[in-house]
Amino acid sequence: MNLNSIPAFQDNYIWVLSNDEGRCLIVDPGDAAPVLNAIAENKWQPEAILLTHHHQDHVGGVKELVEKFPQLVVYGPAETQDKGATKIVKDGDSAFILAHEFSVIATPGHTLGHICYFSHPYLFCGDTLFSGGCGRLFEGTAKQMYQSLKKINALPDDTLICCAHEYTLSNMKFALSILPHDSSINEYYRKVNELRVKKQMTLPVTLKNERQNNIFLRTEDTDLIDKINKDTILLQPEERFAWLRSKKDSF
């Protein structure tokens, strides 16, 4: 399988997974125009769309793509039923596309119905997990998002995090504000900064990388606990996650 990224809007990525015959699936097409251009340029034959949640920058291009390719099956959670989804999927379901099985993982937090799709090594995680960060809590609770990240963190080290936004640099600036002396975070920040100066993308990244550098996955890390306890005593990891998320919201 071949992983492709299509830039959209200011900082979105629309992911396309294609096989050697050119058959492909499209993830979270918020805008149809760049996808149609890439399909024409690569002579792809689209077979399915995967939607992670209902926000417009993830579903806005569905209608036009389906008009162009009526055979497309559009997978999505119940919250995307009025956004063009034709095959509603939920936690524990599987979608069989391009001879691969995609497991559906419920990851509420950013929205209540948010889902991810996993087919090793690819994780299409929408706005749940970013490199160095996680999604804002627009509908769900901090506890829900913490549990969603725990599900993702249970996947293999070599899982490729294919998230929907180029937020890595700002996320790592926040991480440095929390743990300024962490050597791994400092090294990753330097790497990310060099890529962005060259206008290169920072994604996808491995889950192993995120376990080292994403402070939202490090709520049981002693250095982080010590940092948080200087501000307030929080005994539970989900409480520490909520503290981090609130700090990031105002960063």
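## Strands β4 and β5

Leu-50 has Tyr-75 of β5 as its bridge partner. That pair belongs to a part of the model where β4 (residues 45-50) and β5 (residues 73-76) run in the parallel sense, joined over three bridges. Keep in mind that this is a predicted model.

## The sheet and the helix across it

Zooming out, β4 and β5 sit in an open sheet of six strands, ordered β1-β2-β3-β4-β5-β6, and the pairing is mixed. The edges are β1 (2-8) and β6 (87-88), each of which pairs on one side only.

Helix α1 (residues 32-42) lies across β1, β2 (12-18), β3 (23-27) and β4. Relative to β1, α1 runs at about 140 degrees.

## Helices α5 and α6

Now for the helix pairs. Helix α5 (residues 168-178) packs with helix α6 (residues 183-197) at an angle of about 150 degrees, and their axes are 9 Å apart. That angle makes α5 roughly antiparallel to α6. Their crossing is left-handed.

On the α5 side, the contact residues are Thr-168, Leu-169, Met-172, Lys-173, Ala-175 and Leu-176; they meet Ile-185, Asn-186, Tyr-188, Tyr-189, Val-192, Asn-193 and Arg-196 in α6. Sorted by class, that gives eight nonpolar, three polar and two charged residues.

## Helices α4 and α9

Helix α4 (residues 142-153) and helix α9 (residues 237-249) also pack with axes 9 Å apart, here at an angle of about 110 degrees. So α4 and α9 are roughly perpendicular. From α4, Ala-142, Met-145, Tyr-146 and Leu-149 make the contact, with Pro-237, Glu-238, Phe-241 and Ala-242 coming from α9. The class count is seven nonpolar, no polar and one charged.

Conventions
Residues are numbered from 1 along each chain as its sequence is written. This is a predicted model: local features need pLDDT of at least 70, side-chain atom pairs count only at pLDDT 80 or more; totals for chains, interfaces and linings use all residues. Side-chain values use heavy atoms; hydrogens and water are left out. Axes are lines fitted to C-alpha atoms, for helices over the stretch in contact, and angles run from 0 to 180 degrees between N-to-C directions. Helices (H or I, at least four residues) and strands (E, at least two) are DSSP runs, numbered from the N terminus. Angles under 35 degrees count as roughly parallel, over 145 as roughly antiparallel, 65 to 115 as roughly perpendicular and the rest as oblique. Contact means heavy atoms within 4.5 Å. Ala, Val, Leu, Ile, Met, Phe, Trp, Tyr, Cys and Pro count as nonpolar, Asp, Glu, Lys and Arg as charged, and the others, Gly among them, as polar. A crossing is left-handed if the near helix is turned anticlockwise from the far one by less than a right angle, and right-handed if clockwise. Two strands pair if DSSP finds at least two bridges between them.
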